[in-house]
Amino acid sequence: ESMPITVHAKTSLENEEVRDQLERLYDTSPEFGDGHDAIEQLEQNLAHYTLLYVAEFNTKIIGALWCTGQGESRTLENIVVHPANRGRGVAERLVEEVCRIEEEKGIKNFEPGCGAIHRCLAHLGKI
């Protein structure tokens with residue numbers, strides 16, 4: 001049974017609580033040295049055609065991914081789901097919601113930045 005998550009786009013990390021939650025979340029990601037490293041890179045990228053999408057459950061951020069690009073294509077990358085919430089469809093729901101929100105803005109193509117996102121996009125019929 002999948003968890004009822006809500007998905008929001010963030011354009012900045014000025015909220016301290018959001019920063020802290022994201023840093024702890026990305027501490028669990030193998031794609032970065034640690035959460036601090038991830039947040040530094042994210043802040044640089046948020047200034048350049050990147051949106052951060054977060055999955056929230058009971059107001060806690062349990063998942064996140066970066067959506068990057070211009071024109072009609074977006075690359076989805078750096079997905080992370082909190083270890084306690086893995087295996088419950090959170091990644092797929094997050095990718096599905098991001099695609100839906102971006103398609104409403106006129107985005108046509110989604111590129112996976114990693115194998116996990118590739119599987120989600122393939123399952124959703126987006127690849």
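The largest pocket in this predicted model has a volume of about 160 Å³; a pocket here is an open set of points on a 1 Å grid over the protein atoms alone, where a 1.4 Å probe fits, with protein on both sides within 12 Å along at least five of seven lines, and the volume is the space filled by probe spheres set on the points. Of the 13 lining residues, I79, V81, R86, A91 and A116 come closest to the centre, lining meaning an atom within 4 Å of a point. Strand β4 (73-81) and helices α3 (90-104) and α4 (115-123) each contribute at least two lining residues, helices being DSSP runs of H or I with at least four residues and strands runs of E with at least two.

The largest nonpolar core holds 24 residues, of which Y53, L65, L76, L94, V95 and V98 touch the most other members. Such a core joins buried nonpolar residues (under 20% relative accessible area, 1.4 Å probe, protein chains only) through side-chain atoms within 4.5 Å. Helix α3 gives the most to this core, with 6 residues. Apart from it lies another core of 16 residues, including L13, I39, I61 and W66. Beyond its neighbours within four places in sequence, L76 is in contact (heavy atoms within 4.5 Å) with residues including L65, V95, F110 and L121.

Overall, 41% of the 127 residues count as buried. Residues are numbered from 1 along each chain as its sequence is written. Local features need pLDDT of at least 70 and side-chain atom pairs pLDDT 80 or more, while totals for chains, interfaces and linings use all residues, and side-chain values use heavy atoms, leaving out hydrogens and water.

How values were computed:
Buried means under 20% relative accessible area, exposed over 50%, partly exposed in between (1.4 Å probe, protein chains only).
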